Amino acid sequence: MASSSLPPDATGSEEIRVLHVDDDEAFAETAATFLERADDRLAVATRPDAEGGLAHLRDNEVDCIVSDHDMPKKDGIEFLEAVRKRRPELPFVLYTGKGSEAVASEAISAGVTDYLQKETGTDQYELLANKIHNAVTRIRAEDARKRHLEAIETAQEGISILNRDGEFVYVNRAYAELYGYAPEEMLGEHWSMISPDDETDFVRGTVIPTVEETGRWQGETTGVRSDGSTFPELHTVSLTESGDLVCTVRDGTERAERESELERYEGVLEAAGDAVYALDLDGNHTMVNDRYVELTGYSREALLGEHVSMVLDEDDLETGRETVRRLLTTEATSAQYEETLRPAAGEPIPTEVRITLLEDDDGRARGSTGVIRDISERKERERELQRYRTVVQAAGDAIYALDPEGRFTMVNEWLTERTGYSREEMLGEHASIILDEAAIERGEAAIRELLSSGKRVAQFEATNRTADGETFPTEIRTAPLLDDDGAFAGTVGISRDVSERTERERELERYETIFEELNDGVYVLDDAGRFVYVNESYASMKGVDRETLIGSTVEEWADEQAIARARRTRERIQAGDIDVGVVETDLRTADGDAVPIELRLIEREGDDGLERIGVVRDITERTQRERERERQTERLETFASAVSHDLRNPLNVVQGSLELARSSHPEDPDLERAGHSLQRAFELIESLLALARADRETTTDTVELAALVEDCWTNVETGSAAFVVDTDRTLQADRSRFKQLIENLLRNAIEHGGDDVTVTVGELDGGFFIADDGPGIPEERRGQVFDAGYSEHESGTGFGLSIVQRIAEAHDWAVRATESDEGGARIEFTGVEFLWA
């Protein structure tokens, strides 16, 4: 390659990376070849269009762009505008074959660095190379100048620049503050503003001539501050090639105060929160501060002159030796590592030590000094951080972090398991691999709102997608991450799978629909007795709208008697006697009418405390039927009692006469048959009375089913029959009448099944049964066995099962006859409410 024909300058031999964009690829390659020949510092890359140029600019370092104007899709001006958005200062030369004043003007407005029209011949490449070189040189020189100024500005020394007239053309902040001025107050002013009058001649007669002759002067002068006070200056003045003077100044007071400052440092050393020590080359203590004494638990006298091994074990000693050897053999001035301090008493202390070599005036090592920091708290924080990390990994929710572009930087185990991706597959990937577009937009909107409002956390719902394409609903809590400068650095999020909750909500909607469609009234009271929910049926029963009820108390709508009944039932629920309380009372409407109701009460712990749920059924028709049945029962019982009374007297006479006749003729078969018939007449009378009384109003007791059956078994002539009780349930029933029901069934089983029959009492869904292993009841007759007077035995009255049915109905139970597992009879009762297992 030919050597450059251009003169050396600020670019030196540094490579200049050029991007040439031209849709004529052959011309672009030719231009690249000639440019590199014209200047061997140029390295030219070509692209055929603006899009390719922008892509190259994004992925590569570029020092200058050369672009054609007429190109497809984006012309040179549009390309320039796109480049300026990314690299405002990047040199850009518009190199076009169809130039015009309009194009040149538009290019200048868009911020073009230079403009050149394509010509014939190869001389144009020399000119283009020169323009590229000059543009890059200017930019690099400007960058260097900025870096120099930034270095000067951040320097702790005061630095200023004087022009040939002795006026300040630059002062850094340290220089201005040294004299009590702001930098802008000094610019344009003469140097004499900070020099006392009695030194002006010295500066003019000695300092400036020396600088002009030798290029540099260094010494001590006197400075004058803005408030008139003076101080000794340590002054250095240098001459630049342009003739400017560069002045550096330090407050000379430092030298005078060095000893006192040394004392202050020693005081700081003693008061420092970190332990400080010095060792000689043999590792013996030569200096320790108070904190070191405190940390080790040894006195200063005990430490000085003693080897450091008194507070370190062999492993840490070897680490220290290796560190010192490394410092001696490298250019490093200090090193840091962790060690464990062994105090005179107590537990070992984790520490962080920074060690620095001590040198004599000839630069030879004479020992080392160390600053020890107790890092017990940091170690505890690290352990705590590890605990947090463990919690994050073990959490039942998905936890993740995203960078500002939405790519995963952290995922916990739950998220990977739930989505089916591995941790490696997720890290670096965009969140869209598991979230749909709508969720991404909601998340971005939430973060924007948090950043603008200053709030910390936002919540939104999303649909997650697994690696297999399965979707599931989630609730995401997200927060922005900020860097040390407060700039947005990404997001963190906790994603909770709400599939079960969503299903519960759907189920709740179904129940709410059911409640609204129920004919029964439903209400919910809070712990204070205020209505928090009523369905439409309940409001209709009350004769008011729902809004009128919500927020009011139950005492406003119920009479004292109803409230007292409900209170007693609640007390039984709270005592654990029952799960569901049933109360029959009257409901008072808004018009003052009383409607008979059956109220079922349940209590549960809700989110806001105890809730009372009531289900109200209008039992007006049932009450009327019961009253009518009671009247019929009364009439029947009155009739049965009268008939029983009228029949018993003549039958008693017959019985007495029969006994007299049998005493005279004990073997007379006719008298024996008459006796059996008379006994049957008495049994019919008793059965008739029992049937009439079966519909009487019941009173309820708490009855243990197994205990009652065992009691009834002892009251029945059982012979060699056996019974099995396979239930421990408890229910509410009229004990006397329930006992009559059980005894009737036991007698019936023994009469029909024989002396060796086995009777079983067990439970079924919603009730209980009594079964035997006898001959059973033919299927075609099972509907007749509950009819009054029906019997398959001549000696039977036919009222046993009829009485059982009446007693069951009085308890609101349903009864039916079916076949047992052994082929015998089985009588089932359903609609029974058990109290507990």
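Which residues of the largest nonpolar core touch the most other members?

Author: The model is a predicted one. Its largest nonpolar core has 38 residues, and those that touch the most other members are F738, L741, I742, W813 and F829. At least two residues come from each of the helices α24 (705-714), α25 (735-753) and α26 (800-810). The strands β28 (730-733), β29 (758-764), β30 (767-772), β31 (814-819) and β32 (825-830) likewise supply at least two residues each. The element that gives the most is α25, with seven residues.

Once its neighbours within four places in sequence are set aside, F738 is in contact with V703, L705, L708, L731, A733, F768 and W813. W813 is, like F738, among the core residues that touch the most other members.

The axes of α24 and α25 are 9 Å apart and meet at an angle of about 60°. That angle makes α24 oblique to α25. On the α24 side, the contact is made by L705, L708, V709, D711, C712 and W713. On the α25 side, R735, F738, K739, I742, E743, L746 and I750 take part. The crossing of these two helices is right-handed.

D812 lies in the loop between α26 and β31. Its phi is near 65°, a positive value in a residue other than glycine. Most residues other than glycine have a negative phi.

K73 is not a glycine, yet it has a positive phi of about 65°. The loop that holds K73 runs between β3 (64-67) and α3. K73 counts as exposed, with 77% relative accessibility.

The helix α3 (residues 76-86) has a packing partner in α2 (residues 50-59): their axes come within 10 Å and cross at roughly 15°. This makes α2 roughly parallel to α3. The crossing here is right-handed. From α2, the residues A50, G53, L54, L57 and R58 meet F79, A82, V83 and R86 of α3.

Two sites in other helices complete the picture. E25 lies in helix α1 (residues 25-38). It is exposed, with a relative accessible area of 52%. E25 and P48 are 23 residues apart along the chain, and their C-alpha atoms are separated by 6.0 Å.

T137 belongs to helix α5 (residues 123-154). With a relative accessible area of 13%, T137 is buried, since the cut-off for that class is under 20%. A polar atom of the T137 side chain lies 2.6 Å from the backbone oxygen of H133. T137 and I16 are 121 residues apart in sequence, while the distance between their C-alpha atoms is 9.5 Å.

Methods:
Residues numbered from 1 in each chain as written. Predicted model: local features only at pLDDT ≥ 70, side-chain atom pairs only at ≥ 80, totals over all residues. Heavy atoms only, no water. Core = buried A, V, L, I, M, F, W, Y, C linked by side-chain atoms within 4.5 Å. Buried < 20%, exposed > 50% of the residue type's maximum accessible area, 1.4 Å probe, protein only. Helix = DSSP H or I, 4+ residues; strand = E, 2+ residues; numbered from the N terminus. Contact = heavy atoms within 4.5 Å. Polar contact = N/O pair within 3.5 Å; in protein donor to acceptor, adjacent residues only side chain to side chain. Axes fitted to C-alpha atoms, helices over the stretch in contact; angles between N-to-C directions. Parallel < 35°, antiparallel > 145°, perpendicular 65-115°, else oblique. Left-handed = near helix turned anticlockwise from the far one by under 90°.
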